[in-house]
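Subject: Structure for you to look at

Hello,

Here is the structure I said I would pass on. Please open it beside this email and follow along.

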Amino acid sequence: MMKAAVQYAIDDIRIEDRPVPEIGPGELLLKTRACGLCGGETMAWYKTEPKVLGHEPSGEVVEVGAGVTEYKVGDRVFVNHHVGRVDSHLSRRGHFTRDPFYKTMKLDPGGVCEYFRVTAQHLAMDTHKLPDSISDEAAVTIEPWSCVLSGLKRCNIQPGDTVAVVGAGFMGQGFVHLAPLFGAGKVVALDFSDWRLEKAKYFGATHTINPKSTDAVEAMRALNNGRLADTVIVIAPFPSAWKQALELVEVGGCLHLGAPLPPEVDWVQDGHKAYFDQITITSRYSSDHTDTYSYIRLLEAGRIKADEAISHRFEISDSAEAFRMLVEAEKSLKIVVYPHGIPEDKKDLTHA
């Protein structure tokens with residue numbers, strides 16, 4: 001048996017005993033070394049309870065199934081929680097994450113638990129050995145910030161472009177941090193929290209705007225030679241944030257929707273203006289195996305401050321407190337749960 005943090009509701013996280021998964025041929029059993037918590041798990045409409053919390057784990061191989069030759073006991077690995085296939089219409093057109101097959105492939109039983117099973121399809125599509133240069137904590141950013149990288153690939157950023165990011169939580173910080181790797185010049189972070197805006201400066205924002213205390217459009221024009229942003233990425237999942245984001249896009253620019261609105265929430269636009277402004281609207285759900293491969297290479301090359309994005313660490317017994325902090329979304333970035341205990345060298349660390 002093993003310990004697992006099970007989510008029944010936003011305010012109901014329980015620690016339960018669950019059977020350690022049994023593996024079959026072509027599979028792995030991993031000991032969970034660390035697991036990040038994701039803001040997507042706070043959206044009540046997006047999930048089905050009860051479920052084992054977490055889908056951003058780093059793990060260590062403790063059992064190898066028959067026929068597996070590429071991995072051995074003791075290897076540290078990253079496994080994407082969902083993986084696609086190559087032989088469907090959507091996959092062949094590059095939409096791996098929208099193929100219904102993608103969401104059927106899950107870690108068994110989840111991330112915030114002591115052990116999890118890796119299927120043969122996971123091994124075939126999106127499992128990676130971690131070099132010593134990538135820490136367990138940096139590894140928990142691979143899944144979420146690969147989603148950031150995937151989104152940036154669709155923004156058509158040209159060298160020197162001004163990029164604005166509306167919402168500076170953990171995912172917004174990722175867009176701020178990675179945008180220069182795609183050619184961004186000025187990077188502008190917008191948020192109602194001055195604390196998050198200060199963090200954005202650390203992760204590479206050249207300018208910050210707090211729309212609560214200043215007119216965001218006027219501030220953007222003032223810092224950008226009278227122009228609006230070439231690309232605006234909106235992470236805040238609120239209609240008001242989407243409205244603000246669109247107001248910040250220059251004619252001929254790009255608006256990237258980095259997080260969804262709840263179901264059945266309308267987003268109505270002026271059709272005349274939409275035609276003549278020639279703004280491209282893009283979106284991207286999750287990341288596929290090509291994105292995680294690219295992100296890991298950037299991480300290994302030292303281009304990404306992944307370890308610095310970890311703000312809080314919790315034991316599995318304190319998962320409810322960790323999730324409460326995630327829901328509050330105040331002075332925290334990436335929150336990590338250690339199912340086998342926080343390492344001694346991490347117990348006194350915090351960047352919050």
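How many bridges join strand 15 to strand 16, and do these strands run parallel or antiparallel? The model is a predicted one, and in it strand 15 (residues 310–315) runs parallel to strand 16, with 5 bridges joining them. Within this pairing, R313 is opposite V336 of strand 16. To get from strand 15 to strand 16, the chain passes through helix 12, and this β-α-β crossover is right-handed.

Strand 16 also pairs with strand 3 (residues 28–36), this time in the antiparallel sense and over 2 bridges. Here C35 is opposite V337 of strand 16.

S319 has a relative accessibility of 1%; the cut-off for buried is under 20%, so S319 counts as buried. Apart from neighbours within four places in sequence, S319 is in contact with A5, I13, I15, V112 and V337. A329 lies in the loop between helix 12 and strand 16. A329 is not a glycine, yet its phi is positive, about 50°. At 41% relative accessibility, A329 is partly exposed.

S286 is another residue that has a positive phi without being a glycine, with a value of about 65°. S286 sits in the loop between strand 14 (280–283) and helix 11 (289–300). Its relative accessible area is 9%, so S286 is buried.

Helix 7 runs over residues 194–202, and its buried residues are W195, R196, L197, K199 and A200. Among the elements that cover these buried residues are helix 6 (170–178), strand 10 (187–190) and strand 11 (207–209). At the N-terminal end, S193 caps helix 7, with a side-chain oxygen 3.3 Å from the backbone nitrogen of W195. After helix 7 comes G204, which has a positive phi near 120°.

One last item is a peptide bond. The bond from D108 to P109 is cis, with omega near 5°. P109 is in the loop between helix 2 (100–104) and strand 7 (115–118).

Regards

Methods:
Residues numbered from 1 in each chain as written. Predicted model: local features only at pLDDT ≥ 70, side-chain atom pairs only at ≥ 80, totals over all residues. Heavy atoms only, no water. Buried < 20%, exposed > 50% of the residue type's maximum accessible area, 1.4 Å probe, protein only. Contact = heavy atoms within 4.5 Å. Helix = DSSP H or I, 4+ residues; strand = E, 2+ residues; numbered from the N terminus. Polar contact = N/O pair within 3.5 Å; in protein donor to acceptor, adjacent residues only side chain to side chain. Pairing = 2+ DSSP bridges. Right-handed = clockwise from strand over helix to strand, strands pointing away.
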